[in-house]
Amino acid sequence: MNLSTLPLPSPKIAKQQLKTHHGRMIAVGLIVALAYFPVWLGWVGGELLHGSSYSFVTLGFLYLGLRDIFQYRKRTDKGTPSSDERWLGSFLILGALLLFFPLRSSVSLQALLFSVTIAGMIIGTWGFEFIHRHKLTVTLLFISFYPNLSYLLNAIRRNLTGSALEQSMAYLGSLVFQLFGQTSRVDGVFLFLADGAVEVASGCSGADMAFPIAGMAIVLGLLFNQSMKKIFLLTFAGIALALVFNVPRVMLLTIAIVHWGQESFDFWHGTWGGQIFSGILFTVYYYLFMWIVDEKPESNV
């Protein structure tokens with residue numbers, strides 16, 4: 001997105017806007033935005049420096065939401081809010097402002113209140129029409145406001161499924177070991193070999209690879225103007241591929257801790273080892289993605 005082409009208001013127009021009730025509410029919303037932006041930027045920047053794939057997903061979701069907002073501003077048929085929608089937008093903005101600073105100790109609550117602020121600004125400017133037309137990208141936009149997506153998604157997963165994914169990875173790893181003639185067994189999330197064992201914890205569940213690749217599938221699918229059916233297929237294929245790739249990763253970590261020592265395990269379990277697996281995964285998924293996108297529908301002759 002070229003920032004020089006964005007339809008930003010001139011100082012004269014901004015001054016005129018402040019004379020209206022809605023303009024003052026937008027200014028209040030910008031106060032919350034300016035207060036939250038350093039927090040959000042610090043989290044996302046830290047994730048980028050550590051090579052996290054979640055940061056690219058966050059930026060992709062943010063871009064899609066902002067793209068729709070700026071495109072919608074140029075439309076001649078954009079919605080006009082009713083008086084009730086104007087008052088609702090003002091109520092959301094003021095409520096978020098009053099709670100934001102007292103609750104600054106919680107990043108999660110800050111993200112929630114910032115989302116409420118943006119929702120109030122959108123509803124007060126265009127009514128619910130914008131949200132109705134852009135349900136998916138509005139949802140992605142709000143998700144992008146939460147900086148620590150890895151924590152949020154894993155917390156939701158664990159609350160819904162417990163340790164089912166970790167146990168499945170341990171079982172599949174043991175099964176493949178047995179196929180190669182290795183003695184192995186499983187006890188819950190523990191994978192045992194003849195000379196030792198490893199715990200398949202949350203970081204080894206495959207979710208940390210599946211969630212980012214699913215997010216990138218949605219971003220790329222929307223950028224390539226794919227149908228919802230194909231976006232769902234791309235997302236499902238990415239999750240399935242990530243979980244399949246995680247099985248040999250669990251096996252490698254098991255071999256590392258049992259036979260090669262703690263230093264080797266720390267390497268493959270740490271940032272560099274994770275990036276190697278992620279690089280291989282995303283390379284394979286790129287070709288799978290392009291094959292699905294370029295696939296032509298069959299013609300009925």
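At what angle do the axes of helix α11 and helix α12 cross? Here are some close-ups of a predicted model, with residues numbered from 1 along each chain as its sequence is written. Local features need pLDDT of at least 70, side-chain atom pairs count only at pLDDT 80 or more, totals for chains, interfaces and linings use all residues, and side-chain values use heavy atoms, leaving out hydrogens and water.

**View 1. Helices α11 and α12 cross at roughly 160°.** The axes of α11 (residues 228–260) and α12 (residues 262–269) come within 7 Å; axes are lines fitted to C-alpha atoms, for helices over the stretch in contact, and angles run from 0 to 180 degrees between N-to-C directions. That crossing makes α11 roughly antiparallel to α12 (angles over 145 degrees count as such). Contact (heavy atoms within 4.5 Å) involves residues including Leu252, Leu253 and Trp260 of α11 and Phe265 and Trp268 of α12. Helices are DSSP runs of H or I, at least four residues, and strands are runs of E, at least two, numbered from the N terminus.

**View 2. Strands β2 and β3 form a hairpin.** β2 (residues 190–193) and β3 (residues 196–199) pair in the antiparallel sense over four bridges; pairing takes at least two bridges found by DSSP. Two residues sit between the strands, and Leu193 has Gly196 as its bridge partner in β3.

**View 3. Confidence is lowest in helix α1 and highest in helix α4.** Mean pLDDT (the predictor's confidence in each residue, from 0 to 100) is 55 for α1 (residues 11–17) and 95 for α4 (residues 83–100). Over residues 1–7, pLDDT stays under 50. The chain's mean is 87, with 91% of its residues at 70 or more.

How values were computed
Angles under 35 degrees count as roughly parallel, over 145 as roughly antiparallel, 65 to 115 as roughly perpendicular and the rest as oblique.
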